Amino acid sequence: MLSLDKIYHASFVLKNVIRPTDLIRAHHINPDCEVYLKTENLQVTGSFKVRGAYYKISQLSEEEKAKGVIACSAGNHAQGVALAATKNHIKSLICLPDGAPISKVEATKGYGAEICLVEGVYDDAYQKALQLRDEKGYTLIHPFDDENVIAGQGTIGLEILDQLPNADAVVVPVGGGGLISGVAFAIKSLNPNIKVYGVQASGAPSMAVSLEHHQIEKLDTVATIADGIAVKEPGEHTFDICSKYVDGIVTVSEDEISTAILTMIEHQKLIAEGAGAVSVAAVLFNKIPVKGKKVVCLVSGGNIDVTILSRVIKRGLLKSGRSCSLNIELLDKPGQLKAVSRIIADLGGNVISIHHERANEMSDINGCFLRVVLETRNFDHINQIKSALTDAGYKLS
């Protein structure tokens, strides 16, 4: 059974393994409240997952340790299990879908695990892990629905209470629910007045739907850039704990997640993966009642693929009005581009790309189209530029 004693024991076991991550004040997230970031993205392996994985493995019997452990993950859980097993001198085998990013496969190998690439997707890899567990006698380290794993994640709750005893609310990313279960149990056991809110991606709201319907629900599909919380079905333990201790779960969109990632890069100099940024997105876009409160956003991980990061930054710039595209209908004669450029430059817009196209069969025979991509300050700035172009007689489409 999960207990406060077990979470304190996990904290003792983890003392020389993990780093107690900093709690830092973030001034640019939401002006209506005091926001603090719990920086688990700076944890060993770049994610909180090592806490639960290590504590679970540390509690195995000698017989179980001798046989080794197995896990299925394409990301943070794999690296946490690999590191924990290596530190405990235990063999670890990680089943990964063959389409997993090379960077994550290599990172998991780097922590000492053996890799089994499985043709297909995550579910295929999970079935392979169950098969190998039964054949070889490995212990399966579940990513979230295990009370020792939950206890390990709960040590974050203890740290938050030590760092900010007068916190009003803690906001936690939710996938399968292991992280928020441990954090909520620890915090509510010690201070029931602190609110604990969960955040899921709108494309993977399994826990939110389950709590709304008062029973575990399995989604048909999940789709989100927050791959670390793209879970179709919450666990039995995690559902029960969330039902008792969590004050509410909200969802955030892909654009809101992208904006949160960009905001942390720009203002806090922190890299967060999509799953780690959903807590910040919820506060940034006022999804939860935080006005006048001291709010802790748990940034659960920072292992974002650099190719995804570039796309996320682009989305974040568009969502926050820092970038825009204008389609301008012109007469095809000399000086038009110069005139448009002067208007944009005089208003402080920065042209980063331009595409000129002669008119098609549906438009004026003397017409052309200009597609301009700009760097801008905000949406007011964009509207100012659009108004100036329109006032000068240009047609925007």
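In which helix is Leu337 found? Leu337 is found in helix α14, residues 336-346. Helices here are DSSP runs of H or I with at least four residues, strands are runs of E with at least two, and both are numbered from the N terminus.

This is a predicted model, in which local features need pLDDT of at least 70 and side-chain atom pairs count only at pLDDT 80 or more, while totals for chains, interfaces and linings use all residues. Residues are numbered from 1 along each chain as its sequence is written, and side-chain values use heavy atoms, with hydrogens and water left out.

**Overall build**

The protein chain has 397 residues, and buried residues make up 53% of them. Buried means under 20% relative accessible area, exposed means over 50%, and partly exposed lies in between (1.4 Å probe, protein chains only). The secondary structure comes to 15 helices and 14 strands. Along the principal axes, the C-alpha atoms fill a box of roughly 85 × 50 × 40 Å. One pair of residues gives a sense of distance. Glu147 and Ser325 are 50 Å apart in space, C-alpha to C-alpha, and 178 residues apart in sequence.

**A patch on the surface**

Leu337 belongs to a nonpolar surface patch with Val351 and Ile354. Together the three have about 230 Å² of accessible area. Such areas come from the Shrake-Rupley method with a 1.4 Å probe, and for residues only the protein chains shown count as cover. Nonpolar side chains (Val, Leu, Ile, Met, Phe, Trp, Tyr) are joined within 5 Å, and like charges within 9 Å. Leu337 counts as partly exposed because its relative accessibility is 42%.

Rolling a probe the size of a water molecule over the atoms shows where empty space is left. On a 1 Å grid over the protein atoms alone, a cavity is a set of points where a 1.4 Å probe fits but cannot get out. A pocket is an open set with protein on both sides within 12 Å along at least five of seven lines. Lining residues have an atom within 4 Å of a point. Points are joined across faces, edges and corners, and a volume is the space filled by probe spheres set on them.

The structure holds one cavity of 30 Å³ or more. About 30 Å³ of space lies in the largest cavity. Its lining includes Ala71, Tyr122 and His142. Strand β3 (69-72) and helix α6 (122-136) each supply at least two lining residues. The lining divides into seven nonpolar, one polar and no charged residues.

The second largest pocket has a volume of about 220 Å³. Helix α7 (residues 147-163) gives the most to its lining, with five residues. Among the lining residues are Lys15, Arg51 and Asp162. By class there are four nonpolar, three polar and four charged residues. Asp, Glu, Lys and Arg count as charged; Ala, Val, Leu, Ile, Met, Phe, Trp, Tyr, Cys and Pro as nonpolar; the others, Gly among them, as polar.

**Single residues**

Glu147 lies in helix α7. Glu147 is buried because its relative accessible area is 19%.

Definitions and conventions:
Patches are made of residues with over 30% relative accessible area and no salt bridge: like charges are joined within 9 Å, nonpolar side chains (Val, Leu, Ile, Met, Phe, Trp, Tyr) within 5 Å. A salt bridge is a side-chain nitrogen of Lys or Arg within 4 Å of a carboxyl oxygen of Asp or Glu.
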